[in-house]
Amino acid sequence: MTLFDERARLVANAGAGPNLFVATFEAPRLAQSVQPGQFAHMQIPGMESHILRRPFSVYGRNLASQTVDILYQVVGAGTRHLSGISPRSDLAEGFGLIGPVGRGWSPPAATSRALLVGGGVGAAPLFMLAESLKGQGVPATVVLGAQTHAALACEAAYLDLLGEDDVRCATDDGSYGRPGFCTSLATEALDQAAAEGRPFDYVAVCGPEPLMRIVAQEARERGVACEVSMERRMACGVGACLSCVVETALGKKRSCVDGPVFDGSEVLW
Amino acid sequence: MAVNLGGLPMKNPVTTASGTFAAGMEYADFVNVSALGAVTTKGVSLHGWAGNASPRIAETPSGMLNSIGLQNPGVEHLKTVELPWLRDQGATVIVNVSGHSAQEYASVIEALEDGPVDAYEINVSCPNVDAGGMTIGTDPSSVEAVVSRCRQATKRPLIVKLTPNVTSVVDIARAAEAAGADAISLINTLLGMAVDAKTRRPKLARVVGGLSGPAVKPVALRMVWECYRGVSLPILGMGGIATGEDAVEFMLCGATAVAVGTANFSDPASTARVIEGIERYCREQGVDDVNELRGALKA
Ligand SMILES: Cc1cc2nc3c(=O)[nH]c(=O)nc-3n(C[C@H](O)[C@H](O)[C@H](O)COP(=O)(O)OP(=O)(O)OC[C@H]3O[C@@H](n4cnc5c(N)ncnc54)[C@H](O)[C@@H]3O)c2cc1C
Ligand SMILES: Cc1cc2nc3c(=O)[nH]c(=O)nc-3n(C[C@H](O)[C@H](O)[C@H](O)COP(=O)(O)O)c2cc1C
Ligand code: FES
């Protein structure tokens with residue numbers, strides 16, 4: 001895998017929900033090469049006393065406009081600063097994106113039906129996977145969870161892509177869809193599909209670790225292959241510093257380049 | 001631009017700070033390792049160590065804390081995978097050596113004596129392990145014991161890496177000199193902590209970790225200056241170097257060569273950029289030979 005550090009221009013940075021934004025970057029090389037589940041290690045201009053880059057998964061890419069989209073949640077200094085950068089400001093020119101980093105989703109070639117489970121902003125790194133599965137004619141169903149209806153930032157995009165039968169939502173506050181966590185929807189989807197005689201044979205999960213652990217467990221009990229995307233604090237983002245290790249059955253692995261996507265049964269939770 | 005660091009010829013004064021660059025393979029898309037003065041590899045122990053629990057890093061103002069804990073797969077892996085690659089690239093190689101005891105340090109060196117290694121850097125200064133590391137590097141007699149044992153194991157240049165977590169870094173440097181070191185490198189990371197007030201938890205699983213990056217540069221410069229005046233060994237200076245000008249500051253304080261560490265994380269091409277920056281400085285200042293900068297501080 002060849003990595004590069006691409007100078008990128010912020011061309012849009014729009015609110016997408018409570019504390020949620022979609023940033024669009026003109027980044028031709030990244031747009032061309034990024035695979036579903038990979039991320040960009042972002043240098044955000046104008047915050048040089050914060051010396052580390054921030055990792056963000058690529059939510060979508062547009063080959064025509066040579067752009068990539070990132071869905072991000074404001075959680076700290078970097079994301080707060082990013083949310084304040086206007087595409088018209090001088091800072092918009094100064095982004096650096098190391099990419100395309102990491103091992104993305106790799107559904108087995110024989111996958112006949114896929115279940116995608118995204119909690120919070122974890123819905124974003126699954127979107128290119130949904131597009132790619134659809135492109136290969138593999139039916140996909142997505143289960144999305146968020147705190148509130150307004151925070152279900154990716155729902156519309158998934159509805160466009162998959163249609164309403166294959167998009168199922170849960171909200172913690174019960175303001176939309178199934179009240180509570182989306183794990184129950186995921187388990188139901190697995191059982192329902194099996195009962196219909198069209199079982200899922202691949203599950204991809206991204207979100208809070210407890211969600212990924214539970215869904216990976218449920219998939220494993222049903223003998224369904226499952227991949228998860230592990231978030232870790234990262235310094236280099238290229239595999240050199242060992243900041244980001246994940247405990248696996250095969251020893252410690254680097255989330256940035258050996259992951260972020262791992263086989264769910266390999267991770268020692 | 002060529003310098004000689006205690007018997008190690010370098011085509012320019014810039015190497016990598018151990019642990020921030022692995023053995024360079026991961027950075028091959030960004031820098032040509034053979035264009036560097038040397039590549040200093042991640043600390044290696046005899047049979048490998050698992051390192052500490054996560055989270056292992058925390059960002060701090062103009063710096064970061066790490067508690068990686070010298071995770072490494074052991075010297076055999078280095079010999080069979082990384083060293084052959086570095087040799088094929090034509091890189092000059094400094095191997096950073098770790099151990100829990102004087103004997104382990106020496107055993108690592110003995111295992112590497114038939115390998116393509118140009119110099120050793122003895123890490124007696126890691127703050128992230130319970131035995132060895134900094135517990136050795138804060139005590140002059142332990143430093144002397146480890147370095148003498150390593151000296152018996154090799155004729156290759158021996159660089160001793162010092163910790164800043166001491167009252168007098170010069171006392172430790174003198175112990176290294178007495179035991180036969182060819183050069184000293186400094187600084188390793190400064191022991192520190194970061195706390196999340198909301199959760200009342202430390203930001204690192206190990207609670208404490210080593211501070212690096214621009215935040216430590218003033219401390220590093222001061223210690224390089226003290227050692228330059230206090231011992232006659234050549235110095236490999238490091239701590240927060242991100243630009244050519246930073247590197248020049250270390251040389252003015254007495255460093256013969258410099259290492260770039262944490263800066264690789266924000267800009268993976270930092271090492272190459274620092275080399276260009278030193279060249280530009282020399283051109284602009286009319287400096288013909290980079291060696292003229294050593295200790296040229298007007299103080
Ligand atoms: C592979 C990967 C993909 C990611 N994709 C997305 C995404 O698509 N959308 C999104 O909103 N977030 C994503 N994250 C999380 C995102 O990196 C953090 O929310 C962000 O770094 C927070 O930065 P900050 O400066 O606002 O927070 P601060 O707390 O000020 O950051 C301080 C330091 O901690 C690190 N950090 C803080 N939170 C996290 C976290 N949850 N994970 C990893 N490092 C963290 C920062 O990078 C920085 O080094 C991803 C993380 C990883 C590892
Ligand atoms: C993530 C990380 C890992 C490190 N690992 C090692 C190591 O294995 N051996 C060692 O001697 N120093 C290690 N160090 C210390 C650096 O080599 C260097 O001395 C220190 O970080 C100061 O330089 P800097 O500010 O340029 O990073 C490590 C530093 C960091 C940030
Ligand atoms: S972030 Fe450095 S190895 Fe993964």
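This is a predicted model: local features need pLDDT of at least 70, side-chain atom pairs count only at pLDDT 80 or more; totals for chains, interfaces and linings use all residues.
User: Why is chain B called as compact as a globular protein of its length?

Analyst: Chain B holds nine helices and 16 strands. Its radius of gyration is 18 Å, whereas the globule rule gives 19 Å for 299 residues. The two values are close, so chain B is as compact as a globular protein of that length. Taken along the principal axes, the C-alpha atoms of chain B fill a box of roughly 50 × 50 × 40 Å.

User: How does the radius of gyration of chain A stand against that of a compact globule?

Analyst: A compact globule of 269 residues would have a radius of gyration near 18 Å, and chain A has 18 Å; the values therefore agree. The secondary structure of chain A consists of six helices and 16 strands, and its C-alpha trace spans about 55 × 40 × 35 Å along the principal axes.

User: What percentage of the residues in each chain is buried?

Analyst: In chain A, buried residues make up 54% of the 269 residues. In chain B, they make up 60% of the 299 residues.

User: What share of the contacts joins residues at least 24 apart in sequence?

Analyst: The contacts considered are those between residues at least 6 apart in sequence. Among these, 64% in chain A join residues at least 24 apart, and in chain B the share is 71%.

User: Why does B:A22 count as buried?

Analyst: At 12% relative accessibility, B:A22 falls under the 20% cut-off, and therefore counts as buried. B:A22 lies in the loop between β3 (14-16) and β4 of chain B. B:A22 has a positive phi of about 50 degrees although it is not a glycine.

User: How do you know that B:G213 is buried?

Analyst: The relative accessible area of B:G213 is 2%, and the limit for buried is under 20%; B:G213 is therefore buried. Its place is in the loop between β14 (208-212) and α6 of chain B. Leaving aside its neighbours within four places in sequence, B:G213 is in contact with B:S62, B:G63, B:G239, B:G240 and B:T262. B:T189 is 24 residues from B:G213 along the chain, and their C-alpha atoms are separated by 9.0 Å.

User: What span is expected for helix α6 of chain B, and what does the helix reach?

Analyst: Helix α6, residues 217-230 of chain B, has 14 residues. From its first C-alpha to its last, the helix reaches 20 Å, close to the 20 Å expected at 1.5 Å a residue. Its buried residues include B:A220, B:L221, B:V224 and B:W225. The buried residues of α6(B) pack against α5 (169-178), β10 (183-186), β15 (235-238) and α7 (244-252) of chain B.

User: Which residues of helix α3 of chain A are buried, and what do they pack against?

Analyst: In helix α3, residues 127-135, the buried residues are A:F127, A:M128, A:L129, A:A130 and A:L133. These buried residues pack against β5 (60-62), β8 (114-119), β9 (140-146), α4 (155-162) and β12 (202-206) of chain A. A:G137 follows α3(A), with a positive phi near 75 degrees.

User: Where in chain B are cis peptide bonds found?

Analyst: The peptide bond from B:S54 to B:P55 is cis, with omega near -5 degrees. B:P55 lies in the loop between β4 (39-40) and β5 (57-60) of chain B. A cis peptide bond also joins B:L186 and B:I187, with omega about 10 degrees, and B:I187 is in the loop between β10 and β11 (190-193).

How values were computed: Residues are numbered from 1 along each chain as its sequence is written. Chains are lettered from A and ligands numbered from 1 in the order in which they are written. Side-chain values use heavy atoms; hydrogens and water are left out. Helices (H or I, at least four residues) and strands (E, at least two) are DSSP runs, numbered from the N terminus. The radius of gyration is taken over C-alpha atoms; the globule rule is 2.2 Å times the number of residues to the power 0.38. Buried means under 20% relative accessible area, exposed over 50%, partly exposed in between (1.4 Å probe, protein chains only). Contact means heavy atoms within 4.5 Å. The expected span of a helix is 1.5 Å times one less than its number of residues.
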